[in-house]
Amino acid sequence: MKKQACIPYPLLCLCALLLIVTLGWQMLPALSESDTAVPAFEPLEYGASGELVSYVQQRLSELGYYDGKISGNFLEGTRNCLKRLQKDYGLDVTGKLDEETWQVLQEAQYRVLKNGDDGDEVTRLQQRLIDLGYLDTKATGKFRSATEGAVKSFQKQNGLDATGTADLDTQQRLFGETALAKGVSPTPTPDPLTDAGDINDVVIVGDGESTEDSRENVPFAQRMTRGTQSENVKKVQTRLKELGFFDGPISGYYMDQTIAAVKKFQEYNGLSIDADMDEETWNQLFNASNVVDVNATPRPSPEPTLPPYYVVVDVTNQVTKVYSLDENDEYTVLERQMICSTGVKGWDSDLGDWVTNGRRARWCYFSKWGGHAQYWTRINENIAFHSVTYSEPDTRKLNIKSYNKLGRRASHGCIRMLVSDAKWMYDNIKKGTTVHITEDLPLDEELTKSLLPPELDKNYMLPKTTPEPTAAPAYTSDGTPPQPFRTLKKGSKGEDVYWLQRKLKDLGYYAGAVTGEYWSGTADAVKAYQKDQGLKADGIAAKKTLEALYADVLSDGE
């Protein structure tokens, strides 16, 4: 059975119990946390009916386009709503469900809002404008002149066209992390008297001379994957058209036609064919003097190289570890350790080795349960790495419980992480990376405790600032330990605990993380040492145990 989207465990239990009683366990829906159960795509138009139509109506409803009954019948209301979606997202306005519309429908987050619109989407828009200081009235759910004026102010402050309409670009900026509050220095607007336009549109050549392409370098703007929508996508489409790889509309949407053109461009230019507009592909497209167009002979594909990272998800300790390559091309260099939450019992994370396919999303939406998360990086068809969860795609709508449960099983298969850690995975874990999920590693409470996140600052829904980590104490196997001795036990912290762990590790009793914090791993090691020395094996490092442990050093000092 596939796994379902991330939801609080008590609610899951209640839902599951009701389903079991009424339908029987065998009829539970086969859904996943990362890939919600949706019907298989097929083209639809007026007059169609069935499960796929119901799903389309549900998604249109979630996006605020459709407020009718989820009937499963594709009639005039459904067609008109699809037309509005297609118009907002720059698609051919046909009112039919084609593949490109289907992809947008799956990944869309917002609908265009303007004066006269009503609904929950307007309420959320108004609340965000209030939070940023642009609107000083209540969030009424009615988009009228005051809201229009606030949107114009926000657009002007953030370097957007001040239309008063909350289009897709405006809402992505408004709900994103780069939104400028009122009064903060805005993005400067180009001066029409001095702005000479895009220099990249001009090719400078000598009169009567042959010359190389004299385009100025175009700085890499953004990574583009399926669903990206921006002016930079238009630049990519225009350049691909110049080189003969693209014959579609300059729409600004990175969808099927553009992806196919990018793949062909990558193939002809000897790049890795992954369909993403990454920095390497961008530079070859815009900045390389030896770029190959569609009429040239394709370059040979590059020799395959090992992915830079190997990922281990340690279910026992709720830690994700990332290893990089050593000089022998083996994954032995520990780059990063991150606290996480794996699947609860019954919704366990998929054990084994999985190879990533490069699919990622800035925000993910678990439509069955209404939850969201940031920086989704797919592991397999059921699960993914992603941030702690949110009730809406809004950084202020954090599910605090999901933050507080880091370090414990809490998800329904996916690997939940701090936002900063999820972003690191999103930025660095590329296609072809192996992810090893295991329950076979030994318990290391010291490691888990050392990685637990700081207290949450609820004003900003971010971890409170913590001081820079101090340097590890200077330990030598023949050095003098910190004195006077104090009794050390579970919960003790300090330099003397660090020395204790290092000494026990040197003697072969301790295999956990040396953190300077005394938890179960240290207590077990102390017990084993005490038993071998004929001492009371209680796992408490009192004076008698410490004197025995450091006897060789103490005697040398007498």
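Biologist: Are Trp-282 and Phe-286 buried or exposed, and what does the label rest on?

Modeller: Trp-282 is buried, and so is Phe-286, where buried means under 20% relative accessible area, exposed means over 50% and partly exposed covers what lies in between, with a 1.4 Å probe and protein chains only. The model is predicted, so local features need pLDDT of at least 70 and side-chain atom pairs count only at pLDDT 80 or more, whereas totals for chains, interfaces and linings use all residues. Residues are numbered from 1 along each chain as its sequence is written, and side-chain values use heavy atoms, with hydrogens and water left out.

Biologist: How many aromatic pairs does a search of the whole structure find, and why is the pair of Phe-245 and Phe-265 called edge-to-face?

Modeller: The search finds 14 aromatic pairs. The ring centres of Phe-245 and Phe-265 are 5.5 Å apart and the planes stand at 90°, so this pair is edge-to-face: rings of Phe, Tyr and Trp (its six-membered ring) pair if their centres lie within 6.5 Å, and planes under 30 degrees apart count as stacked, over 60 as edge-to-face and the rest as tilted.

Biologist: Which parts of the protein does the pair of Phe-245 and Phe-265 tie together?

Modeller: Phe-245 lies in the loop between helix H8 (231-242) and helix H9 (256-268), and Phe-265 lies in helix H9, so the pair ties together parts that are 20 residues apart in sequence. Helices (H or I, at least four residues) and strands (E, at least two) are DSSP runs, numbered from the N terminus. Phe-245 counts as buried because its relative accessibility is 9%, and Phe-265 counts as buried because its value is 0%.

Biologist: Why is the pair of Trp-282 and Phe-286 called tilted?

Modeller: The ring centres of Trp-282 and Phe-286 are 4.4 Å apart and their planes stand at 45°, so the pair is tilted. Both residues lie in helix H10 (residues 279-286), four residues apart, which is about one turn of the helix.

Biologist: What makes H8 oblique to H10?

Modeller: The axes of H8 and H10 come within 10 Å and cross at roughly 50°, and that angle makes H8 oblique to H10, given that angles under 35 degrees count as roughly parallel, over 145 as roughly antiparallel, 65 to 115 as roughly perpendicular and the rest as oblique. Axes are lines fitted to C-alpha atoms, for helices over the stretch in contact, and angles run from 0 to 180 degrees between N-to-C directions.

Biologist: Which residues of H8 and H10 make the contact?

Modeller: On the H8 side the contact is made by Asn-232, Lys-235, Val-236, Arg-239 and Leu-240, and on the H10 side by Trp-282, Leu-285 and Phe-286, contact meaning heavy atoms within 4.5 Å.

Biologist: Why is H3 called roughly perpendicular to H4?

Modeller: Helix H3 (residues 76-88) and helix H4 (residues 99-107) pack at an angle of about 85°, with their axes 11 Å apart, and this makes H3 roughly perpendicular to H4. Leu-82, Leu-85 and Gln-86 of H3 make the contact with Thr-101, Val-104 and Leu-105 of H4.

Biologist: How do you know that Val-344 counts as buried?

Modeller: Val-344 has its place in the loop between strand S3 (331-341) and strand S4 (352-355), and it counts as buried because its relative accessibility is 7%. Of the 558 residues of the protein, 44% count as buried.
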